[in-house]
Structures are given as C-alpha cells and as structure tokens.
Amino acid sequence: MILFWYSVILFVLTIALNFYLLIGFKQIKQVSRQPIIYNPPPLVIIIAVRNEEEDLEKALRSVCNINYTNHRIIVVNDRSTDRTAKILADFSLRYPQLQVTTISTLPDGWLGKNNALYQGYLSSTEEWMLFADADIVFHPDAINKAVGYAVKYEVDHLTMLPELISRSPILNSVFATLSIMLMIAMKPWEAKNPKSKASSSIGAFNLVRRTAYEKFGTHVRIKLRPDDDLQMGQLIKKEGLRQDVLAGKGYVCLEWYKNLGELGRGVQKNSFAVAKYSIAQTIVNVLNILLTVALPMPVMFIFGTPAIRIMAAVMLAFHMVYMILVPPNKWWYAFMIPFSAFFLAWHFLKASVVTIAQGGIYWRESFYSLKMLKGKE
C-alpha cells in the first residue's frame, strides 16, 4: 500500500513538473532573436583565469573578436603556473583592447576567483560589467545582443543559460538530469518577476550594471563563497534590482566539464556550500534526490504491481518527450535519469564528508579551510 501511494504521488509530481518545466522554458527568450544595437554603452568584460592553457586561446579568440564597439577586456591572471601568462601576453600584443592584470598572492579571507573578479572591477570604470568564465566561446553578436536587451528592458542584472557542449554522451545525459534539478530549484523564468523570490545567476555570463554591483556589496560580500555566482543573483534580487535571463543556445557555448570525474569534483566544490555547510541539510538534499529522482522508476518497475508499472512507463514516456522537446538533449537521456541522480546524490554526500574530514576544500591548487569558508577565521 505504501508503494502504491508513493508511486501515485511521484506519478502526479512527474507529470506536473514536466509540464511546468516546458512552460517555463518557453518564457525564456533566446539571445539569438534579439536585435543588434549600434551605439552600445561602455562595457568591460572581466575574466578570471588560473592555469587555463587548455581552453584559453579558443575562448580569448572569440571574446577578442566580438561585434561591440566601446568595450575593453580585463583578464586577471590569478597565480597561474602553466602557459596561461604566455598566452595572455601574446593576445595582449595582438588586441589592444585586452588588458592583463596579474595576481601573485591571494589575500587572506578570499577565494581566488572571487578576488580576481573583484580586482577586475577595481581596474574598471565602465557602466556595464560582464563577468565571464575563461572557457566560454562567444558568438560575435552574443554580447552586443545581450547588452541591447538589458538596456531596452532596463535590466540591472542579466545572466545567460549557456549551451553545454561535451564530447561524452554519458556526461551529456548527466547534464540533462542536473539541468532539470537546477531549473526546478532556480526557476530562471521567474527571475524577472519582482514579486517572486526566484533569482538566477550563471558564472559563465553575468552582465551587471556597476551601480547594481556596488549596491549589493560587490564580491567583498561573497568573497568566501564557492557558489559566488548563485549568491550574486540572490543578493541582487534581494536588493529589489531588476533581473532577467536569456538562453544562449548557439551564442554562448561552454564545455563545462570533460568527463564524469571532473563533474564530480565540481559538484563537490559547490554542493556543501549550497547546503550552508550543514550535514543535516546535505542529508535532506540527498534524500530528496534519491526519493524523488533516482528511485521512483526503478522501484516502480521492479517491485510494482501491473498498475504501478504502467504509471512508471507513463513517467518514462513523459521524460522522453521532455528530452526531445528541450534540445540538445537526446530521447534516451530519459533512461539515464536514475543513474544521473544516484551519481549526483553520491557526490553531494561525498562533498560534505570529504570537506569535514580534511577541514576544507581544495580548488585550483589552493586550500580553503572550513572555518574560513564559514567566516570564522
């Protein structure tokens, strides 16, 4: 009887959430459909880099050839030990709009990337600032169209959902499930609604007015947050500033991670911070993933009655339709949802255990103690 009612509840929730997500995605405008502007406001693009030699040249080539007058690029080299400095020196000679700032030491009480982005802000005066990651490939018109949209609709903060590109089909299938979970949590289509608490902020593309950035407190306020992008979005929304989201398909592309191992390490960096460094909250989050995403279909198919198995089959069919309607997903990603959820739940749990055991996190060859992350030292 318990299995029956568990199945009924998950069946109803699954169908409802599929419709909710599809309707929500339809409300997010595509950057590709926005017009070009011909007198754009002053813009500075701030990019933090640390040991990025593998992806940096391709990304810099795209950002240095954008269709945007009246802009400059500040790349902050944060203690790189590979060929990053050489690559930046070569690009700065070819592109006069590119300025390189080098950081040799990390100030106490700061995470590396957050400090680098803040230093970029201190070196700028432009009305608009775009905080971008060092592995983003931009369409030449992407930034022009995004700024035009922000100006037209008087937006203070505009973020972009990047197109995730991966060479691994299995990794792409996990991305699809992770994307569903993130969209349910963030509700990016509601970010523009001032009456909604929903906020959105993606580290790959955060376009913000200088006045808005200063009003919420700059990166000084989030200097110890591994999830700095999410925190920025939440703080901007709490300040009552205008926020919106665009979809960057074909215009803002990112190879987020190259394999499941990299994804697992990335999840471990942020997930414990999202749980506010609380074991109890982590357990709640993991149980939620297991009970609502990972277990329903396997349990219903294996242990269910014929009626329960029919419900599971309908749930699977709805997942397949969703994947087909939300490109670049493939229909078979629906079959990977249980595996993906187990994978993510495991790394959420592992993040808390490892962080507590080693007393902090390692990221980009730097160690940040748990006490420091909690602001207690």
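Tutor: Let's start with a crossing: helix H9 passes helix H13 in a right-handed crossing. Keep in mind as we go that this is a predicted model. Two packed helices are described by the angle between their axes and the distance between the axes. Here, H9 covers residues 260-274 and H13 covers residues 337-358, and the two pack at an angle of about 55° with their axes 8 Å apart. That angle makes H9 oblique to H13.

Now let's move to the surface. Ile279, Ile283, Leu287, Leu291 and Ile356 form a nonpolar patch there, and together they have about 410 Å² of accessible area. Helix H10, residues 279-294, gives the largest share of this patch, with four residues. Ile283 has a relative accessible area of 40%, so it counts as partly exposed, a class that runs between the 20% and 50% cut-offs.

For a contrast, turn to helix H4, residues 112-122, which is mostly covered: eight of its eleven residues are buried. Among them are Gly112, Asn114, Leu117 and Tyr121.

A last stop is Val147, found in helix H5, which spans residues 142-152. With a relative accessible area of 0%, Val147 is buried, since buried means under 20%.

Note on methods. Residues are numbered from 1 along each chain as its sequence is written. This is a predicted model: local features need pLDDT of at least 70, side-chain atom pairs count only at pLDDT 80 or more; totals for chains, interfaces and linings use all residues. Side-chain values use heavy atoms; hydrogens and water are left out. Patches are made of residues with over 30% relative accessible area and no salt bridge: like charges are joined within 9 Å, nonpolar side chains (Val, Leu, Ile, Met, Phe, Trp, Tyr) within 5 Å. Accessible areas come from the Shrake-Rupley method with a 1.4 Å probe; for residues, only the protein chains shown count as cover. A salt bridge is a side-chain nitrogen of Lys or Arg within 4 Å of a carboxyl oxygen of Asp or Glu. Buried means under 20% relative accessible area, exposed over 50%, partly exposed in between (1.4 Å probe, protein chains only). Axes are lines fitted to C-alpha atoms, for helices over the stretch in contact, and angles run from 0 to 180 degrees between N-to-C directions. Angles under 35 degrees count as roughly parallel, over 145 as roughly antiparallel, 65 to 115 as roughly perpendicular and the rest as oblique. A crossing is left-handed if the near helix is turned anticlockwise from the far one by less than a right angle, and right-handed if clockwise.
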